[in-house]
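Dear colleague,

I am handing over the structure below, and my notes on it follow. Please read them with the model open beside you.

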Amino acid sequence: MNDSSWGAPPQAGYWGPSDQGPVQGAAPAGPAYDAPEAQHTRPMPIVPDGPAVPRYGDDQDDDRGAARLSGPLFRDETTSAQPRAAAPQNPEPMPDAPQPAPAPQKKSAGRDLGAAIGVGVGLGAVIVASLFVVKAVFVGVIAVAVVVGLWELTSRLEERKGIKAPLVPLAVGGAAMVVAGYVRGAEGAWVAMALTALAVLVWRMTEPPEGYLKDVTAGVFAAFYVPFLATFVAMMLTADDGAFRVMTFLVLTVVSDTGAYAVGWRFGRHKLAPRISPGKTREGLLGAVSFAMVAGALCMHFLIDDGTWWQGLVLGFAVAASATLGDLGESMIKRDLGIKDMGTLLPGHGGIMDRLDSLLPTAPVVWLLLVLFVGSG
């Protein structure tokens with residue numbers, strides 16, 4: 001191979017190994033532009049302008065020369081493990097590899113069921129022990145639950161909305177309200193409620209007037225929502241079979257919540273109130289009504305003096321409705337505040353208010369129906 005580069009002057013012929021002149025009849029080494037046969041030769045490709053490509057044998061480092069020889073010759077070429085001619089111009093998209101089907105996700109209760117059951121059993125033991133041993137002790141349990149619930153509610157209002165409902169008059173007035181309902185009945189409860197609202201208005205006057213209206217409004221609402229509704233439980237306790245009336249009230253509310261959860265978790269498909277509580281379903285509501293009506297018939301027949309099974313059916317239906325509305329009502333409050341639970345006092349349950357949400361509005365319903373069915377004695 002000679003040392004001439006691309007573009008050197010063409011040779012007239014090929015000089016053989018003997019270097020004695022051109023060999024007649026041999027094929028020319030390159031196109032001779034002054035010969036007639038040049039008209040039938042194939043033109044050489046035009047090399048684009050660019051950096052000169054070193055030839056084999058140039059006075060350069062061997063490694064660099066090898067690297068240059070292994071690279072692209074023209075600037076518009078790219079190195080590839082596969083020749084360009086072998087790649088299709090419009091390749092067909094490769095079919096996606098079959099993906100394994102995702103494992104079905106199990107429904108979750110959203111809480112620690114072990115902790116929730118343990119706490120629920122503990123609270124139930126305290127309630128039953130105080131309810132059937134000394135009634136006054138159970139009144140104290142109600143008062144403590146009211147004060148803690150008021151603390152949770154007012155704390156969340158201040159944290160999330162900047163509303164400062166006075167806790168001191170609410171706590172004192174709330175406990176007094178429960179005791180007044182037990183001692184003096186409905187009349188005592190209403191008087192204590194009015195005095196508590198007045199105390200909230202006066203207490204808030206000791207601070208600047210900015211926000212006075214929203215603070216006292218929230219305070220009066222808290223006084224009605226927590227202690228006043230809880231007073232009806234104390235009023236149920238005053239009857240001769242008061243312990244069994246309270247037990248019926250508690251059992252029906254718990255059974256309603258349990259039926260709603262069990263049926264809704266297993267069969268729930270249609271949302272009951274998606275904007276308020278997405279987890280509640282119409283199937284769950286039917287479960288709550290069914291469970292509560294059966295439990296109501298049994299409780300009225302075996303626990304309540306002069307009670308009948310059909311009254312239990314009515315009572316169970318009313319409890320399921322009021323418990324569901326109470327749960328939705330507190331869910332509305334929590335959504336407005338942007339929180340999931342009112343507190344963290346009870347593991348697996350949240351706060352005290354998260355357990356009182358269905359009990360509070362159910363208490364006056366059960367008290368009223370029992371008075372209508374079997375009297376207040």
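**The cavity and the helices around it**

The count comes to one cavity of 30 Å³ or more, where a cavity is a set of points on a 1 Å grid over the protein atoms alone at which a 1.4 Å probe fits but cannot get out, points being joined across faces, edges and corners and the volume being the space filled by probe spheres set on them. This is a predicted model, in which local features need pLDDT of at least 70 and side-chain atom pairs count only at pLDDT 80 or more, while totals for chains, interfaces and linings use all residues. Residues are numbered from 1 along each chain as its sequence is written, and side-chain values use heavy atoms, with hydrogens and water left out.

The largest cavity holds about 30 Å³ of space, and its lining (residues with an atom within 4 Å of a point) consists of Ala186, Ala189, Trp190, Phe228, Thr231, Phe232 and Met235. Helix 4 and helix 5 are the elements that give two or more residues to this lining, helices being DSSP runs of H or I with at least four residues, numbered from the N terminus; helix 5 provides the largest share, four residues.

Helix 4 (residues 167-204) and helix 5 (residues 212-237) pack at about 170 degrees with their axes 9 Å apart, the axes being lines fitted to C-alpha atoms over the stretch in contact and angles running from 0 to 180 degrees between N-to-C directions. The two helices are therefore roughly antiparallel to each other, a term for angles over 145 degrees.

Terms used
Parallel < 35°, antiparallel > 145°, perpendicular 65-115°, else oblique. 1 Å grid on protein atoms, 1.4 Å probe; cavity = no way out; pocket = protein on both sides within 12 Å on 5 of 7 lines; lining within 4 Å.
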